[in-house]
Amino acid sequence: MAIANWLMFVAGLVFLMVVVGGITRLTESGLSITEWQPIRGAIPPLTQDQWQHAFDLYKQTPEYRQINGPAGMDLTAFKFIFFWEWVHRLLGRLIGLAFALPLLWFAVKRAIPQGYGWKLVALLLLGGSQGLLGWYMVMSGLSERTDVSHFRLSAHLLLALFIMAALIWTALDLRQLARTGENRPARVTRESAVTALILFAQLLLGAWVAGLNAGYVASDWPLMQGRLYPDGVDWSQGSVHALTSDPFLLHFLHRWWAFVLVAALVVFARQLRPVERRASKAIHYAFGTQILLGIATVMAGMNIVLAVLHQAVGALVVAAFTWGAHVHGRARP
């Protein structure tokens, strides 16, 4: 049970990381630190000269030269965006330590149940790859672009959510083992897999909307610019480009695919009610809150507090669904 509780704690840290990542994105802070120093970078600039050096490095980026420089950004404003990116990276380091050190302790004590050693090592490797992916994302905005690639941003976010879900799933398996004494991990059922694919599509669309700042293209709901289908979708570069990079179309798809997801989650959650009513309720509460927050965020013109809450509750939808999928996988023979 101790290992399960530890994994749940780490999943909570990953959730916090997703929330801070949302703040980092919404405050346009992600490109403020232009170097990747896994050890030395844990300490922020402490002297005026160090701050000026970090600011000078940022001044070489396209984002500063084309956007923040002409807008008159000074050192004080730079410190604000530096803070959020530094906190985001510091959390990543803390999560690594919070996972690696207890893992080593449990391994030395031979406390890891049979069949779980490789799973925990795989989670450790996934966490390390997330750090590399984060830097790969930042690199896309340091030379030619004024922002990071929305494709790399989506990969970074979706991997974080997958790691959180995997931590929760493994912890639930271990709790089941502690309760029953039977080492029978839950399986992914067909119904869970189909619902997960629909959820993945919505998360991907949401990440692309965030990466392209597509939330700003319309502030009315349910219409967009007074129309059901928005005016301004650019099909001139082909359907693939429009479906993956056009902010108007992606905003439109993200809005309405949400209700496809709601239908899928309602059907899935109803199957859980006879077995685990709490998981069914958690799914309903999570997606219901998420829909309301999404509408409010759009109508408030991408208010940063609502937008951060929207991303946070999106992560809670993933967590609630993971719980439900685990229950579904235990209940079926």
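Student: At what angle do helix α9 and helix α10 pack, and how far apart are their axes?

Tutor: An axis is a line fitted to C-alpha atoms, for helices over the stretch in contact, and angles run from 0 to 180 degrees between N-to-C directions. Helix α9 (residues 247–272) and helix α10 (residues 277–299) pack at about 165°, with axes 9 Å apart. Angles over 145 degrees count as roughly antiparallel, and α9 and α10 are therefore roughly antiparallel to each other. This is a predicted model, where local features need pLDDT of at least 70, side-chain atom pairs count only at pLDDT 80 or more, and totals for chains, interfaces and linings use all residues. Residues are numbered from 1 along each chain as its sequence is written, and side-chain values use heavy atoms, leaving out hydrogens and water.

Student: Which residues does Ile283 contact, leaving aside its neighbours within four places in sequence?

Tutor: Contact means heavy atoms within 4.5 Å. With those neighbours left aside, Ile283 touches Leu265, Phe268, Ala269, Leu272, Ala320, Phe321 and Gly324.

Student: Which residues touch the most other members of the largest nonpolar core?

Tutor: A nonpolar core is a set of buried Ala, Val, Leu, Ile, Met, Phe, Trp, Tyr and Cys residues joined through side-chain atoms within 4.5 Å; buried means under 20% relative accessible area (1.4 Å probe, protein chains only). Among the 78 residues here, they are Trp6, Leu7, Phe78, Phe99, Met164, Leu167 and Ile283. Helix α6 (residues 150–180) gives the largest share, 15 residues.

Student: Is His150 buried or exposed?

Tutor: His150 lies in helix α6 and is buried, its relative accessible area being 5%.

Key:
Helix = DSSP H or I, 4+ residues; strand = E, 2+ residues; numbered from the N terminus. Parallel < 35°, antiparallel > 145°, perpendicular 65-115°, else oblique. Buried < 20%, exposed > 50% of the residue type's maximum accessible area, 1.4 Å probe, protein only.
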